[in-house]
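This report goes through a structure with the sequence and the model side by side. Please keep both in view while reading.

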Amino acid sequence: MALRPVVVTGLGIICAAGRDPAEFWQRLTTGQGGLTPVEDEAFAVFTARHAGQVPDEWIAGQLPGSDAALDRTARLALVAARQAVGMAGLTASEVAAERFGIILGKCQATPDAAGRYQPMHRTQDVVAERLGLRGPRILVSTACAAGGNAVGLAKDKILTGEADAVLAGGVDPLLFGTYAGFAGLQALSTGPCRPYSHSDGLNLGEGAAFLLLEPLDLALARGAVPLAEVAGYGLSADAYHATAPDPTGRGGASAVRRALADAGLTPGDVQYVSGHGTGTPANDAMEAKVMRLVFGERAGQVPTSSIKSFVGHTLGAAGAVEAVASVLALRHATAPPTIGFDDDGRGRAGDLDFVPNVARPMPIGTVVSNNYAFGGNNVSLVLTTPGGPRPYEELPRREAVITGLGPVTGAGTGVAELTEAVLAGRHGAGRAPSLEGRTFAPRSLWRHMNHLSRLAIAASRLAWEDAGLKLPRKDLDDVALIFATGAGSAESTGGFDESIAANPNKPAVLSFSNVVLNATGGAVCQTLGLRGPTTTICNGGASASIALDCALELIRSGKAEVVLVVAADETPGTAALDTGDLPAPSPYDSGSGGAVRGSAAVAFVVESAEHCAARDGRPYAGVLGTGHASGDTGPHTDAEAGADADADAVARSIARASAAASESGASTASGSVAGLVVGAADGTAGDGVEAAAVLAGAPGARLTASTALTGDCQAASGALNIALAALAVRDGVAPALTGLAAPRAGDLAAYVTKPGLDGPVERALALTAAPGSVRGAVLLGAR
Amino acid sequence: MASVLASAHPQETVYGQVGDATVPLRFSSLDEEYKVLRERAAVLDLGGHGLIEITGPDAVAFAQRVLARDVEYLTSDRCMMTLLLDADGQVVDQVLAFGREDGILLESSCGAGARLLAHLRANNDEGVEITDRSGDLTVLGLEGPYAWGVVGRLIDAELASLPFESVVDTTWNGADVVFARTGFTGEYGYQMIVPVEHAADLWRQSLEHAQAAGQEALELAMLEVRQPIPRHEVTEGATVVEIGANWLVDVTKDEFVGREAVLAAFEAGGGRRTVGFSGGEGVPAPGTRVWVNGQDIGEVVHAVHSVGLGATLGLARVDHDLAAAGLELTVGGTEVTTLTSPYIVPKSWSIPII
């Protein structure tokens with residue numbers, strides 16, 4: 001029996017080819033593109049000037065005055081998000097805020113209204129706050145595949161039962177730096193782009209698009225009109241190159257095949273393909289191969305078109321923009337055309353049907369929408385005409401275990417070194433991890449890699465070896481990789497920004513290819529040869545536990561047996577200090593001098609318990625349950641209200657993880673949630689809020705935090721908490737808060753203050769935090 | 001050692017001895033085979049390349065020590081070209097190293113299988129298993145601007161656009177085939193390592209889509225793009241730097257046999273360098289002196305008549321400061337001009353795989 005059908009009930013879009021779904025579709029079907037020369041004088045330095053720009057009045061005209069001060073990214077996103085909710089007719093009385101989620105795809109780190117970088121997840125928090133969404137919240141940043149990826153992850157959140165409605169979409173504005181980067185890669189077309197025919201480059205664009213996803217049964221019950229079913233989605237990694245697609249089309253084809261398998265369909269069922277069609281020679285040639293690989297002799301009979309020549313390449317929004325177009329194509333039984341198509345046969349890929357220039361009315365029951373990204377990340381969505389209500393099965397529960405750990409931190413590289421540091425009470429906060437004495441990748445790749453990729457690859461390789469996994473090539477094709485990062489490579493972002501500031505026509509192109517947040521994940525896939533599903537999560541310090549959720553969903557749905565989760569973040573300026581007085585962080589201490597920022601990468605291998613048992617693997621711990629809670633993100637009138645919201649989020653995340661453990665049948669003799677809690681405290685005032693919530697929510701547990709060991713390393717600290725919890729469960733090792741004198745909450749006895757535990761704990765709880773946004777809890781138990 | 005495909009070759013095939021192997025030099029005429037290789041697609045009998053498998057727990061450590069490039073993470077879907085050196089840094093052979101699930105597979109240069117095997121065995125400190133697979137496996141090549149089309153018709157179109165030095169384990173008519181995107185001549189190039197009992201079938205089937213080319217056409221086309229041909233270019237006492245094969249060596253590796261000698265050659269600078277030349281009358285023999293302004297600056301390493309250039313094409317090893325393009329040199333009493341490589345622009349560079 002099939003899983004619960006998930007449908008789209010609302011659409012929202014704002015892009016160069018329209019300010020709402022009706023205008024967008026009208027222009028797509030009448031061939032009215034939106035690519036125009038950029039007027040901004042700053043762009044005069046570039047030869048290529050065409051882009052897909054959204055007129056300011058389209059945005060302002062759809063927003064209340066109270067949103068006027070927000071940055072452009074947030075405003076674009078809010079326009080599209082409100083449209084989608086409006087079209088779905090979903091009201092607050094029909095879905096609880098707690099069960100209404102948002103999954104946002106975004107490629108670029110976007111500036112706030114004052115022009116400063118803000119956290120990747122900030123746009124999402126703003127939308128969630130304005131729309132009152134307190135359900136699952138994920139920021140996915142698989143570059144140009146992010147929008148499509150978001151739709152797939154949203155479906156997963158409904159299948160796991162965590163949400164009854166999810167806004168899934170993407171947003172990206174047109175940024176000068178990105179423009180300069182693409183110009184530097186010689187990837188821009190000097191005029192409007194001409195996908196699949198001239199293929200002389202792409203145009204950038206901006207915009208936002210959202211799809212509102214609901215389970216079919218609930219949508220019908222409230223009288224909503226299902227527009228399309230999200231029948232399936234597929235992710236894959238090329239494991240080939242940082243920016244160029246695998247020329248064989250293998251990666252793209254594998255995403256389509258996985259999506260069709262997820263949907264229970266075959267290539268023969270597909271009537272129309274919404275292509276990525278950027279208009280670059282590498283992309284267009286690769287896509288033709290994907291069509292031939294997937295559809296074989298039928299390739300020429302499956303129309304495929306690109307709407308990039310209408311809207312430009314909207315990067316993180318592209319997949320969502322094209323998903324909206326695909327839903328409309330289904331609804332209106334019309335394939336939108338590839339405009340700008342030169343039909344004289346020059347350069348076109350022979351027998352394929354690119355729906356040149358004129359929209360084509362045709363029966364469409366199943367659409368495949370494809371996106372391909374830097375980092376070699378591919379996504380395919382399968383959208384179908386909605387079916388009627390039908391019985392369905394719950395997503396099966398499958399036990400997952402953590403079987404390998406790869407810490408690369410200032411306190412130690414590898415489990416043995418880290419354990420030794422923990423037992424010796426030695427910290428390495430503020431110290432850069434050492435990778436001396438070993439290369440973790442072929443030297444030809446290693447020497448070109450930035451620091452963050454090296455850390456992440458070292459962590460991945462160590463976790464892999466620690467798990468004792470020896471898989472043949474064909475099995476690696478299905479090993480998944482989830483990358484978690486708060487901010488990606490500070491080194492590459494900084495280097496690229498500096499080069500643009502110096503001369504926009506001489507961007508540091510190697511750095512540019514590493515500015516996308518998923519670049520490091522792509523480098524890990526390439527180095528380890530992993531071609532399974534892959535994605536990148538950017539929810540600050542909560543990224544790693546959200547990434548673990550994604551891993552568990554892949555295992556539950558049978559899409560992967562082995563998933564490598566790797567989290568990495570860096571702080572510029574951390575140096576490899578051999579000795580010297582490193583500031584000792586003192587989490588939970590009222591006398592703490594504040595947070596110490598650090599750099600680290602931490603990987604762990606998540607495996608289905610079956611797979612681990614079949615190979616006689618030795619797990620550290622089983623994953624009993626996970627829970628996330630979104631705070632009420634403000635703007636709070638006072639700090640106290642903000643603290644209350646955070647405390648509430650901590651409590652709810654713990655309660656959810658604990659409830660998930662009970663639901664999956666895990667029981668404990670002691671009756672307590674966990675014997676040990678590895679918290680997300682970082683040495684700032686917020687620690688007290690977390691500690692108080694933990695002491696109340698997990699009574700009897702002893703509390704510690706990994707930042708005492710390594711400082712605050714954002715996403716990597718979250719992953720380290722999970723790794724340390726696993727280590728405590730199997731080996732009875734936990735870091736001590738040796739400097740703790742006066743806890744901000746509770747008694748000293750509630751904390752681990754001396755190195756080592758009395759023995760392995762039966763259960764350990766790891767917490768993660770993107771304060772003010774998302775709090776995570778992961779409950780691990782002995783195996 | 002005769003080619004396992006000898007019975008499948010036409011009667012008029014001209015064979016020659018290259019090292020330990022008897023190989024087809026040409027099947028018809030050099031001109032015709034060269035044209036096929038440069039303009040269409042050629043099938044190559046690479047049976048003269050020895051195949052040696054290294055397995056056992058220390059296989060990678062051993063390979064990492066005896067090979068001059070980094071093969072620590074050479075996965076089973078990659079291959080790379082590299083050198084084996086002796087302790088003095090002298091080239092023992094130039095090989096293609098294939099990552100395998102259980103170790104590494106080395107393909108020797110033409111006719112050098114026995115020497116390679118002996119060298120590996122002599123250096124087997126790790127006690128790895130070294131197996132000569134030349135008796136049960138052989139190599140067929142496809143090379144040319146339309147070789148990718150032959151791959152599509154013969155095996156699978158997906159394999160045609162594999163990235164350079166990618167490897168796929170596939171099957172053909174029920175036989176296991178190690179398929180690799182390689183290339184010796186600047187044209188699209190592929191290799192298929194097949195069990196000998198299936199080789200003749202694959203050869204015949206390939207000939208339905210392409211024409212055979214022999215060792216002479218292959219080596220000419222290799223020279224034209226400055227692909228090293230060790231049997232001509234490795235001379236007594238010449239360092240890796242002098243041969244111009246430094247790109248097949250990775251000195252950032254902590255340790256490999258011959259590393260110290262290579263480092264010394266790098267640091268010493270000076271010495272000779274190898275440079276291409278064309279022009280003049282006749283084809284000078286190896287060892288012919290090279291002069292400039294009445295001064296003996298070196299010698300000819302290898303020279304042939306290039307069908308593509310319609311002129312003599314050769315390599316000279318001369319004083320390092322004169323190893324530059326565009327110089328007039330005197331070779332065997334006639335004037336030649338030094339060149340930058342490639343000396344012929346391969347047609348494949350302007351032909352996309354569709």
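Predicted model: local features only at pLDDT ≥ 70, side-chain atom pairs only at ≥ 80, totals over all residues.

## A strand covered on both faces

Strand E3 of chain B consists of residues 42-45, and both of its faces are covered.

E3(B) pairs with strand E13 (residues 211-213) of chain B through three bridges, in the parallel sense. With strand E9 (residues 137-143) of chain B, E3(B) runs antiparallel and is joined by four bridges. Leu44(B) takes part in both pairings: Ala213(B) stands opposite Leu44(B) in E13(B), and Gly141(B) is the bridge partner of Leu44(B) in E9(B).

## An open sheet and its helix

Strands of a sheet pair through backbone hydrogen bonds, either parallel or antiparallel. Chain B has an open sheet of five strands with antiparallel pairing, in the order E5-E6-E7-E4-E8. Strand E5 (79-85) and strand E8 (129-132) of chain B are the edge strands, each pairing on one side only. From one strand to the next, the twist averages 30°.

Strand E4 (residues 49-55) of chain B is joined to E8(B) by four bridges in the antiparallel sense. Within this pair, Glu53(B) has Thr131(B) in E8(B) as its bridge partner. Helix H3 (residues 113-122) of chain B packs on the sheet and touches E4, E5, strand E6 (91-100), strand E7 (103-110) and E8 of chain B. The direction of H3(B) makes about 20° with that of E4(B).

Most residues other than glycine have a negative phi, and most peptide bonds are trans. The peptide bond between Ser341(B) and Pro342(B) is cis, with omega about -5°. Pro342(B) lies in the segment after strand E19 (334-339) of chain B.

## Two helices in chain A

Two packed helices are described by the angle between their axes and the distance between the axes. In chain A, the axes of helix H1 (residues 21-30) and helix H11 (residues 318-332) cross at roughly 75° and come within 11 Å. H1(A) is therefore roughly perpendicular to H11(A).

Pro21(A), Trp25(A) and Leu28(A) are the residues of H1(A) that meet H11(A). In H11(A), they meet Val324(A), Ala325(A), Leu328(A) and His332(A). This contact has six nonpolar residues, one polar residue and no charged residues.

## Positive phi values in chain A

Tyr196(A) is not a glycine, yet its phi is positive, near 70°. Tyr196(A) sits in the loop between helix H6 (176-184) and strand E7 (204-205) of chain A. Tyr196(A) counts as buried because 30 other C-beta atoms lie within 10 Å, and the cut-off is 20 or more.

Gln714(A) also has a positive phi, of about 50°. The loop that holds Gln714(A) runs between helix H23 (707-710) and helix H24 (715-731) of chain A. With 29 other C-beta atoms within 10 Å, Gln714(A) is buried.

## Where the chains meet

How many residues of chain B are in contact with chain A? There are 16, and they contact 17 residues of chain A. On the side of chain B that touches chain A, six residues are nonpolar, four are polar and six are charged.

Notes
Residues numbered from 1 in each chain as written. Chains lettered and ligands numbered in written order. Contact = placed C-beta atoms within 7 Å. Nonpolar A, V, L, I, M, F, W, Y, C, P; charged D, E, K, R; others polar. Buried ≥ 20, exposed ≤ 12 C-beta atoms within 10 Å, placed from the backbone. Pairing = 2+ DSSP bridges. Axes fitted to C-alpha atoms, helices over the stretch in contact; angles between N-to-C directions. Parallel < 35°, antiparallel > 145°, perpendicular 65-115°, else oblique.
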